[in-house]
Amino acid sequence: MENVVEAQKSLREVKTRGEFLERFFKLSLGFWALFAGLLFPILAGVILLYEARLAIEKFGFIHFLTYTNWDPVQEDFGAATMIFGTVVSTFLSMLIAAPVAIGIAIFITELAPNWFKPIVSTAVELLAAIPSIIYGLWGFFILTPIMATKVEPWLQDKLGDIPLIGKLFQGAPTGVDVLNTSLVLSIMIIPFMASVVRDAFNMVPPIMKESAYGLGATKWEVIRQVVIPYTASGIAGGLILSAGRALGETMAVTFLAGNNPQIPRSLLEPFTTITVALANQFTEADTDVYLSALYYAGLLLYLVSFAMLGIAKFMVLRLEKRWKV
Amino acid sequence: MSKKVRRKLFSNFMLFLSFITSAYGIFWLFWILGSLFINGFKYLSPELIYLDPTPPGQEGGGLRPAFVGHLIITSLATLIGVPIGIMAGIYFAEYGRNSKFFMTIRQITDIMVSTPSILMGAVVYAVLVKPVGHFNGFSGAVALALLMLPVIAITTDEMLKLVPKEMREAAYALGAYKWQVIKNVVMRAAKVGIMTGVILGVARIAGETAPLLFTSFNNNVLTFDLRDPMASLTVTMFNYVMGPYHYWHQQAWAAAFILTMGVLLLSIIARVLLHRNLLEPLFYIVRSITGKKGG
Amino acid sequence: MKKVLLATAVFSGAALALEITGAGSTFVYPIMSKWAFEYNKATGNKVNYQSIGSGGGIRQAINRTVDFGATDGPLTPEEIERHKLLQFPVVIGADVITYNVPEIGKTVLNLDQKAVCDIYMGKITKWNDPYLQQLNPNVKLPDRPIVVVHRSDGSGTTWIFTNWLSKVCPEWKEKVGYGTSVKWPVGVGAKGNEGVTNYVKRSQGGIGYVEYIYAKQNNLPTARIKNREGNFVEPNVRTMQEAAKNAKWDKSKHFYEVLTDQPGKDAYPITGATFVLLPKDQPERAKKAATFFKWAFEKGDKYAEELQYIPMPENVKKLVFEYWKEHGIAP
């Protein structure tokens, strides 16, 4: 009889202890989940905002966005040049990377024999794993001299005299400019873009492709008229995701951009971006307004990148929802 | 030429183009890795690791403070970021799946994975450097941990989702509490996957430079004290590449080689852990050499 | 914070080695780093100096994030008082104009004030510009674009260079002015003296301003600059000393002195000194740093001369020692 009572008591103890641990577990795990996805992003934004308040008060919003003068001596700051640089280099790198990434995704999903697929996939992922400072180092030591002495003069020679396009190729070919930076940036984002597009392609239900084949379509026609339209929002999402990443790229751009605090008038001129300005000037901003202006630019970058990544995510999710069974 | 043949030709042409793009991508990979091998290997020497740097212009010296500092900062960042990331990931996978709120939180975490890393440095500077009064290694580790956190959380979530629900149901049927199911069943099953996520997270932060630029900053002198500014491989490489001295460039190449090999090795290990069938061809060869049948 | 400092001071007293942190000028980096290296060999004390540019040195000194800051653009007495700092000069050097024009190799060019001004304003864009050619009649200058290189960070080297330009070129003074950071009309920005040297070395047609030893260590030519008296003067230890001869070092003005465009027929016009900033309100830290600089003043002259810097004259060193004593930080 006692055994039963004792057994029941110990069972109750185990139960209460178990329930307590259950709640404790849930709360602590939940807290960290909340931290990772809500508290931390908001806190980061608030801190950036707080540090930027001096500059926001002094320069306002529209003015800061459109004023091209970044003058530490006069303490007069406008972020237009670095915003321009960020936008242009991101846009150009996307332009170069997008067809390549889509091509790689097509190759992996449609063309490559099964034994070759993992090799190409691995190669592309290795590209993604290389740290960005290595891209900067390699770009600066190896690619820039080639661009400066062979490629850019050749481009200037061939295209410099064409009426409109020629204007894009003026200036001393130093290799430290918009063109080279965008090229290296594009190489950096190809792997990410390719894997997003490939995942999107893999989501197309085989039956759709098979029915097209059944009607006599060629492989390319299936890709162009079945796969791509159905994954369109996924591809667009992938593009925007990669753009969001390229926006925040610092090290490679710092090595190759040339730190010119002015809007470049050609592809062969040096420029600057928000990340480059932060990297170079943060430890030396010798007045509070200067540092605050840098934080202001950083805050803008944070918000824009967050928004872009959010939109991209939304588009990719829409694709997943459509096709997940 | 019939329309059918024309269409087929065009299709083959476009597919050929896609092959070209893949070759284009692989071309860059080989060029970059090749340059790293050739230039980095050439200047590798054991002195790099146990000598301190010399004054500028004076040849020789090594990168001891940078190697040690990098190891310390990366390890500490892992110690901070991994447990938090795993805990967050467990919640997303096991508790939060039915809650729209938490699924949104999870998406936001995924967005944080791709946030500009330099901004993390700026945030940590305001919190851990300015109030303290000087740059310190600890703030560098925290900045890296904050970068690692979303990565680990997302990969943990993904790996746990792969565990079949039958396993969980079996454990519940035996009367287990949820935390027991997670601790003893699900985590064990996803062990390898989570390990992979951790390795990938470490590989990612080991290569970071920007967040360290104004948190741990730099130091010419070897130090183990986290309250001091600390050197790191990446920041040192940054300074050396931008400098004029040839021996600085050589040391930067060697450091770049070591860093990249380390990061790539980690990535490959992670991949192999995930897709163990990648090693099958290797095992097959080994088996056929040793003559063992049906391994 | 004060408690931590006190504890550190006690520990440093009790422990064997001092640890001193400094940051700032890249102009002075080669000799500062050499001093730190030799000082460590001689005494075991560690000096961690980061060359982040004078702008950074000033900021760190003001924020008390380092024990000492170094800047080649001196702070005015009013700024020193306002930020509760102490300032004294440690060594003298010069900004040289260096360039990389493959067609002429190491040929030394003559440049006058207007030439440098117009190049940096973007008015002269090619090496074979007639104005440059007539300054150098014996050199066949090529038809190559000039790649102007300047600093992207807050720099004392820039301060010295633009201070000279403002003195000798009214348009520069009006449109750009001088300081550690200015709004450059044209050119590529590089980080530190190291970066400018690097860029000039790697750009065909590049021109930049750097501290003398950087050009020498990297085998880059240094231009002869026309000075106040109208002579084209080559930068070297003697011409730098000529420029520094007339300096008035006044400890009641916290040694504020500018050495650009000095009189003297052999004076090199773009000479300057590096100044160290110490926290007046943190005497333990200031004293730590002063210990290092006392050693540098007493034992470091030969290293400075090896690296083509001018050590401070003996009478100035005496003034600095008195200055330290007056402010209670004599080591």
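This is a predicted model: local features need pLDDT of at least 70, side-chain atom pairs count only at pLDDT 80 or more; totals for chains, interfaces and linings use all residues.
Which residues of H9(C) are buried? The buried residues of H9(C) are C:Gly192, C:Asn193, C:Glu194, C:Gly195, C:Val196, C:Thr197, C:Asn198, C:Tyr199, C:Val200 and C:Arg202. Because 10 of the 11 residues of H9(C) are buried, this helix is largely enclosed by the rest of the structure.

**Stop 1**

**Stop 2: chain C as a whole**

Now hide the other chains and show chain C by secondary structure, which brings up 14 helices and 12 strands. Along the principal axes, the C-alpha atoms of this chain fill a box of roughly 65 × 35 × 35 Å. A compact globule of 331 residues would have a radius of gyration near 20 Å, and because chain C has 20 Å, its value agrees with that expectation. Buried residues account for 56% of the 331 residues in chain C, and among its contacts between residues at least 6 apart in sequence, 73% join residues at least 24 apart.

**Stop 3: the two domains of chain C**

Next, colour chain C by its domain assignment, in which domain 1 covers 2-92 + 247-256 + 273-326 and domain 2 covers 95-243. The centres of these two domains of chain C, taken over C-alpha atoms, are separated by 29 Å. Where they meet, 17 residues of domain 1 of chain C are in contact with 19 residues of domain 2 of chain C. H2 and helix H3 (54-62) of chain C each supply at least two residues of the domain 1 side, and H3(C) gives the most to that side, with three residues. By class, the domain 1 side of this contact has six nonpolar, 10 polar and one charged residues.

**Stop 4: strand S3 of chain C**

Select residues 68-71 of chain C, which form strand S3. In a regular strand the side chains alternate between the two faces of the sheet. Both faces of S3(C) are covered, with C:Phe68 and C:Ala70 buried on one side and C:Gly69 and C:Thr71 buried on the other. Three bridges join strand S1 (residues 19-24) of chain C to S3(C), and these strands run parallel; here C:Ala23 has C:Gly69 as its bridge partner. Another three bridges join S3(C) to strand S11 (residues 271-279) of chain C, and these strands run antiparallel, with C:Gly69 standing opposite C:Leu277.

**Stop 5**

Finally, bring chain A back and select residues 83-312, for which UniProt, in an unreviewed entry, lists "domain: ABC transmembrane type-1". Over this range the chain is 75% helix and 0% strand, and the end C-alpha atoms are 21 Å apart. Then display chain B alongside, where 74 residues of chain A are in contact with 71 residues of chain B. Helix H1 (residues 2-59) of chain A provides the largest share of the chain A side, 21 residues. That side has 50 nonpolar, 15 polar and nine charged residues.

Definitions and conventions
Residues are numbered from 1 along each chain as its sequence is written. Chains are lettered from A and ligands numbered from 1 in the order in which they are written. A residue is buried if 20 or more other C-beta atoms lie within 10 Å of its own, exposed if 12 or fewer, and partly exposed in between; C-beta atoms are placed from the backbone. Helices (H or I, at least four residues) and strands (E, at least two) are DSSP runs, numbered from the N terminus. Two strands pair if DSSP finds at least two bridges between them. UniProt positions are given in the numbering used here, feature names are shortened, and annotations may be inferred rather than shown by experiment. The radius of gyration is taken over C-alpha atoms; the globule rule is 2.2 Å times the number of residues to the power 0.38. Two residues are in contact if their C-beta atoms, placed from the backbone, lie within 7 Å. Ala, Val, Leu, Ile, Met, Phe, Trp, Tyr, Cys and Pro count as nonpolar, Asp, Glu, Lys and Arg as charged, and the others, Gly among them, as polar. Domain bounds come from an automatic or database domain assignment.
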